[in-house]
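Please look over the sequence and the model, then proceed to the points below.

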Amino acid sequence: MDLPPGPRAPAVWQTLAWMTRPGAFLRRVHSRFGDPATIRTYWTEEPMVLFSSPDAVRAVFRLDPQVAPAGQSWEFLRPFAGPHSILLLDGEEHIRERRLIQGPFHGERMRAFAPMIADLARRELSGWHGQVVALDRMRDLTLDIILRVVFGARDDELAHMRDVIEDSLASVRSLPWVLAMAVVRKDLGPRSPWGRFRIAVERFDAELYALLARRRAEAAGGGAGDSMLALLLEARDEHGNPSSDQHLRDQLVALLVGGHDSSAASLAWAFELLARHPEVQARLREGEPGYVDAVVKEVLRARPALTIAPRRLLEPAEIAGRRIPAGVQVAACLWLACRRDDLWERAGEFRPERWLDGNPDHPAPNPVSWIPFGGGVRRCAGAPFAEMEMREVLRAAAGVTLRPARPEPEHARRSMLVLTPHRGGEIVAG
Ligand code: HEM
């Protein structure tokens, strides 16, 4: 197979580097082999060709879904995500689902959730004194935000929902578990990985269907409350039909899978970086709205939580002048596009100022390479929500002084789909 060059190390080594030092691994692959480069890991059955230059990235995002379906790259999530999941669909079905799921993420409807998020963020940050592991705190906070704002869970429903979700996600988050499940997709009893996973998903489904039944009953009485679920309950497809419970369940799970770990990881990085940049904290305290926005953009650029947007090639395709054979994965490498030295001035530095208009020190960044949310028809459906959530948390954090717990900056490590600070973002607050 004529593939672009890449590391010759056995797949097991590449997998280890991909998991434990993903940032360093991608940097090394790029500096040694350029763009594109081919890596081989146990992450996917096929070799993966990474692209990061603007033209190539655009070409990957424009690939015909019939030739390069994205759903097949998420196939391992099917047992949890469900058959209606936007994550697994392609083509017409995907577009139809996207229209439904994106409804609540627009304009006024979405902005109406900001005060609720701000309130949850302030409550969380007001408890920060002394040493904090930002990732742990942000996992709790972003889950609470999803449960309340997206699922519409009430006080008495929260604790229970939190437990069953944590149980299911614990299996999906851990690579050894996922690999073990992929190899033995058989229920070898309640202690086998697959068996435990199935039980966790069944418990989760039972809770979720009960919650759906309660919200549906309330909606029929005219008061399902303010949540994205309430909006999804109102949504109708092109034939005027409401979504079934099974469909709504898969929508909520897609929003949970897409929006929980990615937001928690991005916010953990925000704290890791802020703790090392007192000048950025000081400016945030001044409360200028454009600056909060610039910090969010720069966190997402300097530490994109998702490294790749992969597609499986079913037919040969030409990408930025390279012919790539069928049967491999091609990916826009979000991490490299956001961090390559030749695409960004002083790429390695955390400089929110680069996003401010009229900054004489910097030419305006090239937005084509700012792709932490991916691009094309599969660009993150929750991007406006994620940015709003980050802005509200950073505003709430402006009142707290943050310092790093240790002098050495944290490097990236992989937690399933996302990259997190390797110590979880250890900071001292107060
Ligand atoms: C900072 C946080 C986030 C980051 C970095 C992020 C990143 C991404 C990326 C890169 C993709 C595209 C993957 C691809 O092209 O294959 C994606 C898809 C998606 N994201 Fe996000 N995301 C974030 C937060 C959220 C939130 C908060 C939600 C919802 C509440 C969400 C829901 C989704 C959904 C539903 C998709 C699938 C879209 C589709 O297939 O059409 N994401 N996200």
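Which element gives the largest share of the shell around the ligand? That element is α13, which supplies six residues of the shell. The model discussed here is a predicted one.

**The shell around the ligand**

- The ligand is surrounded by 26 residues, and the closest of them are H94, R98, G258, R311 and C380.
- By type, the shell consists of 15 nonpolar residues, eight polar residues and three charged residues.

- R311 has a side-chain N or O atom 2.8 Å from an oxygen atom of the ligand.
- R378 likewise has a side-chain N or O atom placed 3.2 Å from an oxygen atom of the ligand.
- G258 takes part through its backbone, where an N or O atom lies 3.2 Å from a nitrogen atom of the ligand.
- Two or more residues of the shell come from each of the elements α5 (91-102), α13 (245-275), β4 (308-312) and α17 (383-397).

**The iron atom**

- The iron atom of the ligand has a single donor from the protein, namely the SG atom of C380, at 2.3 Å.
- C380 is located in the loop between α16 (334-339) and α17.

**Helix α15**

- Helix α15 covers residues 289-302, and its 14 residues should span 20 Å at 1.5 Å a residue. The C-alpha atoms at its ends are 20 Å apart, which agrees with that expectation.
- Is α15 largely enclosed or largely open? It is largely enclosed by the rest of the structure, because 10 of its 14 residues are buried.
- The buried residues of α15 are Y291, V292, A294, V295, V296, E298, V299, L300, R301 and A302.
- The elements covering these buried residues include α13, α14 (278-285), α16 and α17.

**Residue T38**

- T38 belongs to strand β1, which comprises residues 37-39.
- T38 has a relative accessibility of 0% and therefore counts as buried, the cut-off being under 20%.
- A polar atom in the side chain of T38 lies 2.6 Å from the backbone oxygen of P4.
- Leaving aside residues up to four places away in sequence, T38 touches L3, P4, P5, G6, P7, P47, M48 and V49.

Key: Residues numbered from 1 in each chain as written. Predicted model: local features only at pLDDT ≥ 70, side-chain atom pairs only at ≥ 80, totals over all residues. Heavy atoms only, no water. Near = heavy atom within 4 Å. Polar contact = N/O pair within 3.5 Å; in protein donor to acceptor, adjacent residues only side chain to side chain. Helix = DSSP H or I, 4+ residues; strand = E, 2+ residues; numbered from the N terminus. Nonpolar A, V, L, I, M, F, W, Y, C, P; charged D, E, K, R; others polar. Donors = N, O, S within 2.8 Å, 3.2 Å for Na, K, Ca; no water. Expected span 1.5 Å × (residues − 1). Buried < 20%, exposed > 50% of the residue type's maximum accessible area, 1.4 Å probe, protein only. Contact = heavy atoms within 4.5 Å.
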